[in-house]
Amino acid sequence: MLRVAVDHITPGMILARPIPLPHDPHRYLLQRDIELPLDLVPRLKQLGVLEVWIRNRDLEFLETMIDEGLGDQQREVYAIVRKNFEQVMRGASLDLDIRHFQDAIGSLFDFLKASSCGNMLLQKLDAFDNYLMSHSTNVCYLALLTGMRLERYMIQERNAKSARDAKDLRQLGLGCLLHDIGKMHIPVEILNKPSKLTAEEYEIMKTHPTIGYNMLKGQIHAAAAQVVLNHHQRYDGKGYPQRVNVATGEPSPAQQGKQIHIFSRIATIADIYDAATSQRCYSAAKPSVQVLHELRTWCKGCFDPIVERAFYEIIPPFPIGKTVKLNNGVEAVVVDFNPRYPASPKVQGLRDPYGQRYADPSLEEIDLALYTDLCVARVDDIDVTPYLALQRELMPEPDGVLL
Ligand SMILES: [Fe+2]
Ligand SMILES: [Fe+2]
C-alpha cells in the first residue's frame, strides 16, 4: 500500500485502509477495498484527511509495518478530547472527565509499549475536524513516543521516583492533551487570524498557557499542569509565560535548562513540530523533512539536546509508504527509516526516469544511506534538497547522554 495525498488521487485507486469519521472512532466514511470516488476529495479535505492509504500489489508488505490498531487508539483519545473541549466551548464549567482521559492515554501508552513497529513509523491522526483537538491528540502521541525513547533519561531526571514510576508517562500524555486548552479563551479573531499577529495580539496569545494552567490547577496532577504552563518555555530561558514573584508582583527570572520539568521539555518540541506539519488557517502543512530541518537550524537552543536528539531518532523525515522522486529521476516509495541517517531512507523504485513502471519493484530496492550522490529530491512536488544536508546524519550525541 501507498500513502497518497488527497490532491493526487486518480481514478481507479482502491483504499487499503478505511477512512474513519473524525468525531466517531467507531464509524467509517469509506471502507477498505472500495474505489475512491474523485468527487469525494473536497469532503475529505473538509474532514481534515490529507492522505489516504491506497492498495498497491507490490507493496503489500508495508501493511505489516503500519499498525492499524494505532489509528484506532488515536481516535479514541481524540473522541475524549473532543467531548471535553466541546463542553468548554459551550461555556460549561470545566469539569474534566479525568478518568476517561487517563483510561484513553493509558491504553495508547500500553499499545505503544507493546507495539513492535509503531515507534518509528510516525502516523499522525489521519482524520480530524478541529485543529486544536487534533493538534492536542498528536502532541500527546509524539510526546509519548519521545518519552518512551528516553527511559533511562527519565529515571535520571525524575530521580525522586522509583524507576517504575519515573517511566510512567501518563501525566505527560495528559498534560499534552490539555496543553492548549487556554486557547479556548483567546478571541477567535486572534486564534484564526490568517496574517501575522500584531504585537498587542501576540501578547494576548501568549496568555494561553497561564489561562490553561489556572483552569486546570487542582484538577490534574502537578506534572501534567507543568506541561500546560511551560510548553512554550524554551531550554535557553527564552519563551513564555513571564514568571512573577507572588510576594512582590515583580517579574522573576525565567526557568531554563533542567529547571524546566522534563515533561514540559518534551512537550515543547512535539508542539512546535506538530503545529508546523499541520494545515493551519494561515499556512499550509509543511513536509516533515522541511520542519525537521527548520527545528535544527532556526530553533537552536530551544530544546533540551537529549530530548531533541531522541525526537530526531523517532520522527522520519520521509514517512513510510510515501512516494518520492529521487535526484536521478526515479519515482520510488519509502519502505524503511534509518535513525542513524534520517534523510537517507530505504526506498523501492516504482518507475524509471522515463516514467515506465518497473516490472518487479522488489528488485529495485535502494538503501540511500549507502550512496553519497543519490537522494530524495521531491516530495508532493516540493523540492526538498535544501533540507537534506543536516539530516543526512543524526545529530551528535550530547555529552553524558543517557539514552
Ligand atoms: Fe501553546
Ligand atoms: Fe500547541
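**The iron site and beyond**

Tutor: Start with the sequence: the donor residues of the iron ion (ligand 1) are spaced D-x27-H-x22-H-H. Keep in mind that this is a predicted model, where local features need pLDDT of at least 70, side-chain atom pairs count only at pLDDT 80 or more, and totals for chains, interfaces and linings use all residues. Residues are numbered from 1 along each chain as its sequence is written, chains are lettered from A and ligands numbered from 1 in the order in which they are written, and side-chain values use heavy atoms, with hydrogens and water left out.

Back to the metal. Asp-180 gives an OD atom to the iron ion (ligand 1), while His-208, His-231 and His-232 each give NE2, and these donors lie 2.2 Å from the ion. (Donors are N, O and S atoms within 2.8 Å of the metal, or 3.2 Å for Na, K and Ca; water is not among the atoms, so sites may look incomplete.) The 4 donor atoms subtend angles of 86 to 177° around the iron ion (ligand 1), and that makes the arrangement irregular. (Four donors are tetrahedral if all angles lie between 85 and 135 degrees; four are square planar and six octahedral if opposite donors are over 155 degrees apart and all others between 65 and 115; anything else is irregular.)

Now for the partner ion. For the iron ion (ligand 2), the coordinating atoms are NE2 of His-135 and His-179 and OD of Asp-180 and Asp-271, at 2.1 to 2.3 Å. Here the donor residues follow the spacing H-x43-H-D-x90-D. The site of the iron ion (ligand 2) is irregular as well, with angles of 79 to 177° among its 4 donor atoms.

Asp-180 bridges the iron ion (ligand 1) and the iron ion (ligand 2), and the two ions lie 3.7 Å apart. Asp-180 sits in the loop between helix H7 (170–177) and helix H8 (188–191), and His-232 in the loop between helix H11 (222–230) and helix H12 (262–277), so the pair ties together parts that are 52 residues apart in sequence. (Helices, H or I with at least four residues, and strands, E with at least two, are DSSP runs numbered from the N terminus.) Asp-180 is buried, at a relative accessible area of 1%, and His-179 is buried too. (Buried means under 20% relative accessible area, exposed over 50%, partly exposed in between, with a 1.4 Å probe and protein chains only.)

While you're in the loop between H11 and H12, look at Pro-241, which is also placed there. The peptide bond from Tyr-240 to Pro-241 is cis, with omega near 10°.

Next, Lys-300, in the loop between helix H13 (288–298) and helix H14 (305–314). Lys-300 is exposed, with a relative accessible area of 61%. Lys-300 and Asp-236 are 64 residues apart in sequence, yet their C-alpha atoms are 9.1 Å apart in space.

(Two strands pair if DSSP finds at least two bridges between them.)

Strand E5 (residues 323–326) makes a handy entry point. Val-324 and Leu-326 form its covered face, and Thr-323 and Lys-325 the uncovered one. E5 runs antiparallel to strand E6 (residues 331–336), joined by 3 bridges, and Val-324 has Ala-332 as its bridge partner in E6. The two strands form a hairpin with 4 residues between them, and Gly-329 in the turn has a positive phi of about 90°. E5 also pairs with strand E9 (residues 376–379), antiparallel over 3 bridges; there Leu-326 stands opposite Val-376. E6 in turn is joined to strand E7 (residues 346–351) by 5 bridges, again antiparallel, and Glu-331 has Arg-351 as its bridge partner in E7.

Finish in the loop between E9 and E10, where you'll find Asp-380 and Asp-381. Asp-380 has a positive phi of about 50° although it is not a glycine, and Asp-381, also other than glycine, has a positive phi near 65°. Asp-380 is partly exposed, with a relative accessible area of 34%, whereas Asp-381 is exposed at 58%.
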